[in-house]
Amino acid sequence: MNDALRSLLALLALERIEQDIFRGQSRPSVVPRVFGGQVAAQALVAAGRTVPADRPPHSLHAYFLRPGDPGAPIVYTVDRIRDGRSFTTRRVVAVQHGQQIFHLTASFQGYEEEAGALEHQEPMPAAPDPLELPTAAEMLTRHAERYLPPEVAERLLEARAAIDLRYADEPPYATVGRPREPRSQVWFRTQGKLDEAGDDAIPRPLLDICLVTYVSDMTLLDSILLAHGRGGWAVGDVVGASLDHAMWFHRPLRADEWLLYDQESPTSRSGRGLGQGRIFTADGQLAATVIQEGVVRVPRVPRV
């Protein structure tokens, strides 16, 4: 486990300041606001810490209301909506500087392996072996000349240092000006085994699900950029932000083992783009589904 992953785990280990009130800190991101995946993961941690450990999340629905200030703590208040026999529901409001910046509703259910239960899934798509793909550092170094300003590449590496993330094909920043099919695949896992964490503040499998939630916001809108030949936030030829985010967790997963994130965009219009993704385990199990809408706009040229 590297220092960046230890730092990320510490970021998710929220401080409890009242029975259902938690406080979290932030880390620098590529853009001058709190990374959306961080807020979503921290909110899910807050909700999960009010639920029995044997009842992990099976879905979440969230709205990003205002940009977060990375220099200030975030307070998460949990509302215990329902505690049923099979399902538990929580609502979380994230507040900063006296304003609500994020809402999340999450539902929790214990794993059920009942005889006669209906089960099916889509097959895992073809994808290259992750160990044969370049690392994020290798990919960024290869295309560093495209970044404006130059320090953006370094910030991208720092923001993703806790995660081993590998593109199956060239990322948007490597194909600027060349529109292609709005599909993208990445493999990812944590930079080290979570068994070495030595911290029971966030029990498994809640920890794995929260880490996957964190990563799910990193690349989901890439497929929108690919359709229009845009390089993205790193290149500076678009501006954007996450609007809402939904996830469903179908089967057990481990964030420290390879997961395939298969992503596509069915549409973009009116300054908004839709991204959807499926997360598979390395042995082909469909573990999660993700849908997000975000603001994606071409920067306005200032009038002379």
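A residue is called buried when its relative accessible area is under 20%, exposed when it is over 50%, and partly exposed in between, using a 1.4 Å probe and protein chains only. The model above is predicted, so local features need pLDDT of at least 70 and side-chain atom pairs count only at pLDDT 80 or more, while totals for chains, interfaces and linings use all residues. Residues are numbered from 1 along each chain as its sequence is written, and side-chain values use heavy atoms, with hydrogens and water left out.

Let's start with histidine 97, which is exposed at a relative accessible area of 59%. Histidine 97 sits in the loop between strand E5 (87–96) and E6; helices (H or I, at least four residues) and strands (E, at least two) are DSSP runs, numbered from the N terminus. Its phi is near 55 degrees, a positive value in a residue other than glycine. Serine 270, in the loop between E10 and strand E11 (272–281), also has a positive phi, near 60 degrees.

Now to the aromatic rings. Rings of Phe, Tyr and Trp (its six-membered ring) pair if their centres lie within 6.5 Å; planes under 30 degrees apart count as stacked, over 60 as edge-to-face and the rest as tilted. This rule gives four aromatic pairs. One of them is tilted, joining phenylalanine 64 and phenylalanine 102 at 5.1 Å centre to centre, with 55 degrees between the planes. Phenylalanine 64 belongs to strand E3 (residues 57–64) and phenylalanine 102 to strand E6 (residues 99–109), so this pair ties together parts 38 residues apart in sequence. Phenylalanine 102 is buried, at 0% relative accessible area.
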